[in-house]
Amino acid sequence: MGEIQRAVWYREEEAEARVDIWKYIFGFVEVTMVKCAIELGIADAIESHRSTMTISEMSSTLECDPSLLNHIMRILIHQKIFKSVSTSHGYPGYAQTPLSRRFRPAKGKRCKWKNNNTESDIECFDCRRKRIHIPQRM
């Protein structure tokens with residue numbers, strides 16, 4: 001392999017590594033937002049409302065900070081877990097998708113997350129400012 005080919009190969013490998021690290025970082029965010037949606041009961045709230053919900057309606061129902069809930073919903077919409085639709089009053093609203101309906105636990109059951117590695121667990125805060133425990137491996 002010539003010197004120029006080696007330099008090109010190295011640059012391509014470095015570029016791929018930069019992309020891969022961002023995939024891992026954002027992959028963690030995506031999983032965390034899904035867990036947060038389940039723990040907050042966003043799918044249950046929308047289902048109980050029986051129509052699209054605005055952020056303010058959802059915030060009142062979930063007793064959650066609307067600005068933080070808005071950030072969570074933006075990520076979940078990007079992942080196509082929920083969908084953004086206009087309400088009858090022209091405000092942006094949120095609706096279920098077939099995927100988000102699967103986030104609702106079976107009647108009488110609660111979601112549980114198995115923790116396989118207690119030494120490197122992560123804690124963060126949900127939009128109620130309540131500490132939630134996020135295991136590294138699920």
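Helices (H or I, at least four residues) and strands (E, at least two) are DSSP runs, numbered from the N terminus. The model is predicted: local features need pLDDT of at least 70 and side-chain atom pairs count only at pLDDT 80 or more, while totals for chains, interfaces and linings use all residues. Residues are numbered from 1 along each chain as its sequence is written, and side-chain values use heavy atoms, with hydrogens and water left out.

**Figure 1. Helix H5 and Pro98.** Pro98 is found in helix H5, which covers residues 98–101. With a relative accessibility of 64%, Pro98 counts as exposed; the classes are buried for under 20% relative accessible area, exposed for over 50% and partly exposed in between (1.4 Å probe, protein chains only). Pro98 and Ile81 are 17 residues apart along the chain, and their C-alpha atoms are separated by 8.1 Å.

**Figure 2. Overview of the protein.** Five helices and four strands make up the secondary structure of the protein. Along the sequence their pattern reads α-α-α-α-β-β-α-β-β. Of the 138 residues, 29% count as buried. The accessible surface comes to about 9,900 Å², and carbon and sulfur atoms hold 53% of this area; accessible areas come from the Shrake-Rupley method with a 1.4 Å probe, and for residues only the protein chains shown count as cover. Among contacts (heavy atoms within 4.5 Å) between residues at least 6 apart in sequence, 49% join residues at least 24 apart.

Figure 3. Ile25 lies in helix H1, residues 3–40. The 38 residues of H1 should span 56 Å at 1.5 Å a residue, and the end C-alpha atoms are 56 Å apart, which agrees; the expected span is 1.5 Å times one less than the number of residues. Ile25 is partly exposed because its relative accessibility is 37%. Ile21, Trp22, Tyr24, Ile25 and Phe26 form a nonpolar patch on the surface, with about 580 Å² of accessible area together. Patches are made of residues with over 30% relative accessible area and no salt bridge, with like charges joined within 9 Å and nonpolar side chains (Val, Leu, Ile, Met, Phe, Trp, Tyr) within 5 Å. A salt bridge here is a side-chain nitrogen of Lys or Arg within 4 Å of a carboxyl oxygen of Asp or Glu. The buried residues of H1 are Thr32, Met33, Val34, Lys35, Cys36, Ala37, Ile38 and Leu40. Gly41 follows H1 and has a positive phi, near 80 degrees.

**Figure 4. Met58 in helix H3.** Met58 belongs to helix H3, residues 55–62. Met58 counts as buried because its relative accessible area is 0%. Apart from neighbours within four places in sequence, Met58 is in contact with Ile42, Ile46, Met53, Leu69, Met73 and Tyr94. The C-alpha atoms of Met58 and Asn70 are separated by 9.8 Å, with the two residues twelve apart along the chain.

Figure 5. Strand E1 (residues 83–86) and strand E2 (residues 92–95) run antiparallel and are joined by four bridges; two strands pair if DSSP finds at least two bridges between them. Ser86 stands opposite Pro92 in E2. The hairpin has five residues between the strands, and Gly90 takes a positive phi near 90 degrees. Thr87 is placed in the loop between E1 and E2. Thr87 is buried, since its relative accessible area is 14%. Leaving out neighbours within four places in sequence, Thr87 is in contact with Thr52, Thr54, Pro92 and Gly93.
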